[in-house]
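User: Hi, I've got a structure open and some quick questions. Can you walk me through it?
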Amino acid sequence: MYKELLKKIREYENIAIYRHIHPDGDAMFSTLALYTFLKHNFPEKKIKLGGNDEFSTITKKHRISDSFLSKALVIVLDTSSRNRIDDENYAKGDLIIKIDHHPIVDQFGDLNYVDTKTAACCELLADIFFSEGFRKLKLSKKVCEYLYCGILTDTNTFSTTSTTWKTLRVASVLAEKGELKISDLVNYLNDLDIDLYQKVTEIRTYLKIEQKFGHITLDSKQLKEIGISPIKAKDNIEEIGHIKDLNVWAFATQVEDGTYAVSVRSKRGYVINKICERYGGGGHACACGVKQLSKNDLRSLYSELIELSTK
Ligand SMILES: [Mn+2]
């Protein structure tokens, strides 16, 4: 199934790896896993990590010249559509391969490997590494750790509706092959320093509940008072979902240009991506987002989510 992918990897001397803008854990860990896997197995190849946006503590990235790209195989991970790829230069590659788990909206690759049943791009990547052909290559402890961490972040520690027995099986094989210290990895991802812990306590006080919809909405002034960036603040969206009665919840922050970026989540099968798409956003059925919303548009999106939450 992935023979053609391996053939193309073997064929190219230059390989560039990209992921989506505002990368999350799955985007970062999948690119790091693929990068490290290729480095170990094809030391003679030139492999580069693309993308401009940073992800908290992991900031590894390379400068990629046009001349490098013109002869390169470009692999884009965890990204559903071309306008979400971090760095439009990706298109200068000689051959583009998409590897993703989001609902299909834009098959921008010359080759597209999409499995919407996997809970994380890292789960799909692990499936690929376990497949015939790839199986014969070296799978290091580091690569297993990256993949496991990506699965943990996208499944919110195996708790999302996208998590299946296959996700757990893949995680289990990774844990075995990499001899992973499971609790250490969970601590690495989830532990907060005391300063951030206190900021999160403050953020919680902004929660508003309307029907079975809950949201935290922070404007620039409030973010400044708390002393937290819009992206870091929004990391706390999953917390709201722990409130028993809520079906749908959102976290919105005002960004530099004055507009709002909102992440939306749901449980019990409430489908939210169709609503978000009407506002120019998108994503999974139970986890998606919209950017560049005016205050009025944000309010009108909330009204639709409130209505949905009571159905
Ligand atoms: Mn993902």
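User: Which way do β7 and strand β8 run, and how many bridges join them?
Analyst: This is a predicted model, to start with. In it, β7 and β8 (residues 248–254) run parallel, joined by 6 bridges. Within this pair, His215 stands opposite Ala250 in β8.

User: And how does strand β6 run relative to β7?
Analyst: Antiparallel. β6 (residues 208–210) is joined to β7 by 3 bridges. Ile209 stands opposite Gly214 in β7.

User: What do β6 and β7 form?
Analyst: A hairpin, with 2 residues between the strands. Gln211 sits in the turn and has a positive phi of about 55 degrees.

User: How many residues of β7 are buried?
Analyst: 6 of its 6, over residues 213–218.

User: Which residues are on each side of β7?
Analyst: Phe213, His215 and Thr217 are on one side. Gly214, Ile216 and Leu218 are on the other. Both faces are covered. In a regular strand, side chains alternate between the two faces of the sheet.

User: New topic. What are the protein donors of the manganese ion?
Analyst: Asp26 (OD), Asp78 (OD), His101 (NE2) and Asp154 (OD). They lie 2.2 to 2.4 Å from the ion. Along the chain, their spacing reads D-x51-D-x22-H-x52-D.

User: Where do Asp78 and His101 sit?
Analyst: Asp78 is in the loop between β3 (72–77) and β4 (95–100). His101 is in the loop between β4 and β5 (111–114). The two are 23 residues apart, so the pair links distant parts of the chain.

User: Are Asp78 and His101 buried or exposed?
Analyst: Both are buried.

How values were computed:
Residues numbered from 1 in each chain as written. Predicted model: local features only at pLDDT ≥ 70, side-chain atom pairs only at ≥ 80, totals over all residues. Heavy atoms only, no water. Buried < 20%, exposed > 50% of the residue type's maximum accessible area, 1.4 Å probe, protein only. Helix = DSSP H or I, 4+ residues; strand = E, 2+ residues; numbered from the N terminus. Pairing = 2+ DSSP bridges. Donors = N, O, S within 2.8 Å, 3.2 Å for Na, K, Ca; no water.
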